[in-house]
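Subject: Structure handover

Hello,

Here is the structure I promised to pass on. Please open it first, then read my notes below.

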Amino acid sequence: GQTVSSFSVSLVSRNDKPYFTAVRSPFNLSYVEDEVAGQQVMPFASGIHPGGSGEENWQSLSFEVIAVSNTTGDMFVSAPRVLCRTVSCTDADLVFELLPGAFGDAAFDAV
């Protein structure tokens, strides 16, 4: 006799990585002591997309800003963060506030 075996195959889409266009690369900022006051808002990224050709549109995107180095310690009233301009998050800004009289260098990665 012959043995019959049945099986099924399911294809699922892969999770394509998100992409965006950096407004500046590298994103270097330089300020002179007492040059700026208050919250700073500047364009960070545009064309932010969750990836794929539409099947990832249900996913929400966010950025995490990670301190890499800081030469003087406390420089910020509020640490740098990336905020989406709209609910769909197609564009985002870098937002931070320097302490009065702050000086030095700080480096961050955004992932």
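Arg-85 is partly exposed, at 43% relative accessibility. Partly exposed means between two cut-offs: under 20% relative accessible area is buried and over 50% is exposed, using a 1.4 Å probe and protein chains only. The side chain of Arg-85 meets that of Asp-93 in a salt bridge, 2.9 Å from N to O. The term stands for a side-chain nitrogen of Lys or Arg within 4 Å of a carboxyl oxygen of Asp or Glu. Asp-93 is buried, with a relative accessible area of 13%. A search of the whole structure turns up one salt bridge.

A word on the source. This is a predicted model, in which local features need pLDDT of at least 70 and side-chain atom pairs count only at pLDDT 80 or more, while totals for chains, interfaces and linings use all residues. Residues are numbered from 1 along each chain as its sequence is written, and side-chain values use heavy atoms, with hydrogens and water left out.

Next, the cysteines. Cys-84 and Cys-89 form a disulfide, with their sulfur atoms 1.9 Å apart. The rule asks for a pair of cysteine sulfur atoms within 2.5 Å. By that rule the count is one disulfide. The link of Cys-84 and Cys-89 is left-handed, with -60 degrees about the S-S bond. How accessible is Cys-84? Cys-84 is partly exposed, at 34% relative accessibility. Cys-89 is buried, at 5%.

Now the surface. Phe-7, Val-9 and Leu-11 form a nonpolar patch there, with about 450 Å² of accessible area together. Patches take residues with over 30% relative accessible area and no salt bridge; like charges are joined within 9 Å, and nonpolar side chains (Val, Leu, Ile, Met, Phe, Trp, Tyr) within 5 Å. Val-9 is exposed, with a relative accessible area of 66%. Val-9 sits in the segment before strand S1 (19-22).

Last, the whole chain. The protein chain has zero helices and six strands. These are DSSP runs, numbered from the N terminus: helices are H or I with at least four residues, strands are E with at least two. Of the 111 residues in the protein chain, 21% are buried. The protein chain exposes about 8100 Å², and carbon and sulfur atoms supply 52% of it. Areas come from the Shrake-Rupley method with a 1.4 Å probe; for residues, only the protein chains shown count as cover.

Best wishes
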